[in-house]
Every structure is written in C-alpha cells, then in structure tokens.
Amino acid sequence: MADFWQQVVVGLATGSLYGLMALALVLIYRSTHVLNFAQGEMAMFSTFLAWSILIRVDNHYWVMFPLAVLVAAALGGLTERVVVRPVEGAPILNIVIVTLGLYAIFSNVASWRWIGRPKPFPTPPEIHVAGLKFFGGDALHVGPTVINYHDLTIMVFAALIMVALYLFFQYTSLGLAMRATAHNPVASRLMGIRVGRMLTIGWALSAAVGAVAGLLIAPIVLLTSAMMVGALLYAFAAAVLGGLDSPVGAIVGGLIIGVSENLVGAYTPQEWLGPEMKLTVTLCIILVVLLVRPTGIFGRRALRRV
Amino acid sequence: MLQVRDLVAAYGPIVALHGVSLDVPEGSIVAVLGANGAGKSSTLRVISGLLRAKSGSIKFDGQRIDHLSTEQIVSLGMSHVPEGRQLFGDLTVLENLRLGAYSRFGQADGGGRLAHRQGLSLLGRLQHDLIQAATGGIRDLARAVREHGQRRRDFDAALKQIFDYFPILAQRKNQVAGTLSGGEQQMLAIGRGLMARPRLLLLDEPSMGLAPLVTREIFEIVQTINRTEGVTILVVEQNANLALEIAHYGYVLETGRVALADTSENLRKSEAVRRSYLGQ
C-alpha cells in the first residue's frame, strides 16, 4: 500500500505540471477560442530568459523568479498585441497557423540564441521568511510515503496559482471584465470594456503561468529548446479532459493524467502493458471520458437563449 | 442632447441606412418606429459605435462622437441596451449589474483623458498611448485603491436604485442570468444599462418576446426613470401603440429613411401611422 501512495504522490506532482500548462492553454482558449500551439515553446523561451536573468543577478533565485515571470507576461502580452491581434476575426484556421508559426519562431530563436548542451537549471532554493523555512531541505515523510521537496514545491505552486487566479477572476472587476469578454465580446464593449486590452492581459497571464511551469520543469528535464514538447502534449490532453473552458478542469485534468499515467506505468504487468504503454493507456482513459462527456469533465455546453 | 445627421451605414454591400437624421432633446423620450428591417436597430448600433457610419455625423452634447469607439462613447454617458438583451448568461444577476457599472470604475478618468488625447498632434498621441500602455494599469490600480470607499458607496447607491425599480432582481441577484424568465432578463438588461448612470439610454425593442402585461410594466418603469431621474431615452420599438404612449416624439423609419417625424400625439392621430403601425 505504501508503494501505491508513493506512486500517487509522484503522479500528483507531474500532474500539477501538466495542469499548469493546461491552465495556460485554457486561459487563452476561453477568451479567444484559439488553441495556442506555441504555449510550450513560449514557456521554454521564458525559461531560457529566466536562465539569462539568473546569471546576471548572481544566481539569486528569488530575485530572478518574479523578474522572469514579469518578463514572460510582457512577452505574452506583446505576442498578442503584435502577432495575434492583426489576425483577430480571421477564420480560426488562420489563427492556428499563426500560433504554429510562433511555435517555430520561439523554437528556432531559442536554439540559435542559447546554443549548446542542455543546461542544468536549479530547483527553488530554501528561503527564510519570518523565522520559517520554505522550500529546499530533505524529503518530507508522511508515514511511509516520501515526498521529494521539488515535488512538494510543484504542488504548492500549482495550488497557489489556482487559488490566486480564482480570487482574481471572482472578486476583482478586471477579472470579471475578462470573464465577460470571454462570454460576450459585443456586450462587453457596450459595458465600456476594452476587449482588446482584456485579450492582451489574458495572453500575459497565460504566458506567466506557462513560465512558472517551465521554471519548475527545467530542473527535472534539463533546459533545452525541446523541453516542453512532451509536457505540451500532456497539457493538451489535460485541458481537453477537464473541459477546454474551465481553469479548474485544467488542473484536475492534469492531476488525473499525471496519476493515472504513473499508476499504469507502475502496476500493469511488463509483458502485457508496462511503462512503455503508459501514454497509450492514459489517452484511452481520456477517450472513454470524452465519449461520456464530450465537453470534458468541467466543460459546459454553450447556453443559448434567443 | 443627441443630433444625428444624414447617417449612411451598411453591412458589407447591403445598405441599411440611407441618410437618417433625428434629434433627441434633453430629458425627452423619443421613439423610433418601423417594420422589421427598416433600420431601427442599425440606427442605434451606429449611434453607440458598434457599426461604423459610411457618412453623416452624430453629436452628443455638442461633441462629435462618430469617430469614437463604443467603449469611449459609453464612458461619455450613453448606455445601449441592445436587441436581444445580450446578457452575460453564465454570470449572475449581480455580476451583470457590476459589469454595467464598469465604464464608471474600470478606467481612470476616461472622458478627460480622451479629450486631452484629441488635442495632441500625431506624435503626441503616440507618446501619450505608449506612456498610457506602460503606466495606465498602475495608475488605474492606484486610483481604485484611493477611491475605493467612494466607489463602493456610488455602486451601492446605484444598485439600490435598480433594485427599487426592479425588486425581482434583488431576489434573484445570485442566480445565473441565463435562467431568468424573458421579462426578468429584459429588466436586468435595462438595469445593467442604468448602472452606468447614463444621461442617454438607448433601448432596442424592450418588448421583444414578452407578454403584453410584462411589456406594459417595463414601459411604465421606463417612463418613471425618465421622469424622476431625467434620463433621456431613445427607444426603438415595433409595438408602436405602447411606444407612442410614453414618448414625446416619434420617428417612423421605412427602408432606411425617415418617413415621418412628429410629436407622438400627432403621430397617433396620423392616418398613415394608424393604418400601418397601430392596427386601427
């Protein structure tokens, strides 16, 4: 039984990472109905920028972290304003092609600018606030289950981001305006909401969430220009599973995929399925869920009334 | 208060308005009547900036507004309650009303800044916009914090007023707007429009899809709002009878042109209107 919970905990940690990337996708999808294929590459690019910042601030991780997130947000906002805005209102396929173009651009620029071997990236180091120690240190023991500190960090970050976004969307007028824009852009304009600005902020938020995911993934897989390719695939699956327009669904979808992938890898017999088949089995589970609920677990059918 | 001159507007190749002119004096209720497709809704859409005019001019309080965006026009004190209500169906009644007040709280000093920007040269505008983009968010935030108490009181007062007019909305304030009945939805749409504390309210077919009794109730409230708050109202309506009952002036549109314009009393007596629109 101890081993079972161990597998679940590890699955929850990787699932949180998928969930964060899925959340980034959902933040853009629900306001513009665009699947941003460049999401992973934007996160990867932001992580390289974070690495550059880290060198310039004498390896002070907690100085770099907020700077990196801000730079990522600016990058996301700028991308929307400069590249995505001109194709606003174009057929959806055109916008998809634009995000695929962005994918290539970010990927190529990163390979060209940060040429060389995969770079090791630090995990968040310990920090002392008001006499309390956060992050770092040895693994945490809960009964027989061992939780690696980086895994714990990942889960805490995912939870914090989720709560912060919930409060933002639910209780601030800017958050409310962004939800309104997602539901009905024309009526939003009649309320005096600048719809374009809301979309820019949505992309900025999304890029910031993606950057946090990138910063947490990089220590595990090493910093390379291809580091987000796998994670993005899982993130798409997580977003679809949770319901493409639901932020909660994105995280829950990520967790489900992370855990089930891990359990399938650990418990199915080698000669029959085994770790090699874990992605396949996971995608089969998604397929079954979508057959029962085509809009995803938390997705809502558009309510129309004339 | 509102002067519209020779408005021409089109949806692609289809011309909807062939030179519409109308006046809305301050404090009055003006009705725009006409059959389906006569250009009633298009007229409102052009006034609130949702549809760009090909030519013609619109003045609001003596200021040209035909080149402004919808968001800017709203912040000048004009609310448009659109055709089909266009509520935020997934949001609660209270959230819809909060959004109605957005133009007053969302942007710091919308009108004043706009006037300032218009006086600048092209380069000046570019510089202004860049500074705005860089600092606007921070300044809006600072202002929001500074004026938090004041805004809260303003908002609560406006909300209380809406709930006085439409008590049913107070009962349903935490209900999702999409689940309201048709009449309640129309009340919410009007309430949402009023939350902006407009001086001019544009109403597009408030009777659409409603039972006669509910329609009458809504028209009575509209009349009360005009009398007690002094809100000027431009209402588009197919139900000519009811509209002319509360309106001071009326315009009859036919295929994108003004066919008749008179006081509502005269219009009600007019033979042509009686035959075509009043069903008498």
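In chain B of this predicted model, 69% of the contacts between residues at least 6 apart in sequence join residues at least 24 apart. Chain B comprises 13 helices and 10 strands. Its C-alpha trace spans about 60 × 50 × 35 Å along the principal axes, and 42% of its 280 residues count as buried. A compact globule of 280 residues would have a radius of gyration near 19 Å; the value for chain B is 20 Å, which agrees with that expectation.

Six of the strands of chain B form an open sheet with mixed pairing, in the order E6-E7-E8-E3-E9-E10. Strand E6 (78-81) and strand E10 (257-263) of chain B stand at the edges of this sheet; each has a single partner strand, so one side of each is left without a neighbour in the sheet. On average, neighbouring strands of the sheet are turned by 15 degrees against each other, direction ignored. In general, the strands of a sheet pair through backbone hydrogen bonds, either parallel or antiparallel. Strand E7 (residues 200-204) and strand E8 (residues 232-237) of chain B run parallel and are joined by 5 bridges. Within E8(B), B:Val236 is the residue that stands opposite B:Asp204. Helix H9 (residues 182-194) of chain B lies across E6 and E7 of chain B, and runs at about 165 degrees to E6(B).

The buried residues of H4(A) are A:Val98, A:Thr99, A:Leu102, A:Phe106 and A:Ala110. They cover an arc of only 100 degrees around the axis, and therefore lie on the same side of H4(A). An α-helix has 3.6 residues a turn, so residues three or four places apart point the same way. Helix H2 (39-56) and helix H3 (61-84) of chain A are included in what covers the buried residues of H4(A). The face of H4(A) turned away from its buried side carries the exposed residues A:Leu93, A:Asn94, A:Ala104, A:Asn108 and A:Trp112.

The contact between the chains takes 18 residues from chain A and 23 residues from chain B. On the side of chain A that touches chain B, helix H6 (173-183) and helix H7 (185-190) of chain A each supply at least two residues. The most is given by H6(A), with 6 residues.

Backbone geometry was also considered at two loop positions. Most residues other than glycine have a negative phi. A:His33, although not a glycine, has a positive phi of about 60 degrees. A:His33 is placed in the loop between helix H1 (2-32) and H2 of chain A. With 12 other C-beta atoms within 10 Å, A:His33 is exposed. In chain B, phi of B:Gln86 is near 50 degrees, a positive value in a residue other than glycine. B:Gln86 is placed in the loop between E6 and helix H3 (93-100) of chain B. B:Gln86 has 18 C-beta neighbours inside 10 Å and therefore counts as partly exposed.

Terms used: Residues numbered from 1 in each chain as written. Chains lettered and ligands numbered in written order. Predicted model: local features only at pLDDT ≥ 70, side-chain atom pairs only at ≥ 80, totals over all residues. Buried ≥ 20, exposed ≤ 12 C-beta atoms within 10 Å, placed from the backbone. Helix = DSSP H or I, 4+ residues; strand = E, 2+ residues; numbered from the N terminus. Arc of directions from axis to C-beta. Contact = placed C-beta atoms within 7 Å. Pairing = 2+ DSSP bridges. Axes fitted to C-alpha atoms, helices over the stretch in contact; angles between N-to-C directions. Rg over C-alpha atoms; globule rule 2.2 N^0.38 Å.
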